[in-house]
Amino acid sequence: MALEILKTDKFDLVLTDITMPGMKGNELFMIVKEKWPLIEVVLISGFGDLELAKVCLKAGASYFITKPFENMDLINIVTTVGQKILTRTACLERDADPNL
């Protein structure tokens, strides 16, 4: 279902749990990075799998956060990723406009 939604609109950020019905979050992450490399992905896990976290972070995940976490932790992560997205967007727009 997530992939179908991603095809319908433009997204900058995906938050996904590793354990989901139908498809694991790390599988979704790999597909997202392949099809939409500019989408940032934050993975959430209740199992603290260090090896999976390393693989996903090396492959380009923005963050890998384990449950339980404080709401403020997630807010800080989304804020940090949002700033990265805004900076990248500004740079892409600047590079596309020869008058800047």
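The questions and answers below go from the sheet to the core and then to single residues.

Mentor: This is a predicted model, in which local features need pLDDT of at least 70 and side-chain atom pairs count only at pLDDT 80 or more, while totals for chains, interfaces and linings use all residues. Residues are numbered from 1 along each chain as its sequence is written, and side-chain values use heavy atoms, with hydrogens and water left out.

Trainee: Which strands stand at the edges of the open sheet?

Mentor: The open sheet has 3 strands in the order 1-2-3, with parallel pairing; strands are DSSP E runs of at least two residues and helices are H or I runs of at least four, both numbered from the N terminus, and two strands pair if DSSP finds at least two bridges between them. Each edge strand has a single partner, so one side of it is left without a neighbour in the sheet, and these edge strands are strand 1 (13-17) and strand 3 (63-66).

Trainee: How many bridges join strand 2 to strand 3?

Mentor: Strand 2 and strand 3 run parallel, and Val 42 stands opposite Tyr 63 of strand 3. The number of bridges that join strand 2 to strand 3 is 4.

Trainee: Which residues touch the most other members of the largest nonpolar core?

Mentor: A nonpolar core is a set of buried Ala, Val, Leu, Ile, Met, Phe, Trp, Tyr and Cys residues joined through side-chain atoms within 4.5 Å, where buried means under 20% relative accessible area, exposed over 50%, and partly exposed in between, with a 1.4 Å probe and protein chains only. The largest such core has 15 residues, and those that touch the most other members are Val 41, Leu 43, Cys 56 and Phe 64.

Trainee: Is Ser 45 buried or exposed?

Mentor: Ser 45 has its place in strand 2, and among the residues it touches, leaving out those up to four places away in sequence, are Phe 64 and Ile 65, contact meaning heavy atoms within 4.5 Å. Because its relative accessibility is 2%, Ser 45 counts as buried.

Trainee: What is the relative accessible area of Met 30?

Mentor: Met 30 has its place in helix 2, and, leaving aside neighbours within four places in sequence, Met 30 is in contact with Val 55 and Ala 59. Met 30 is partly exposed, and its relative accessible area is 37%.
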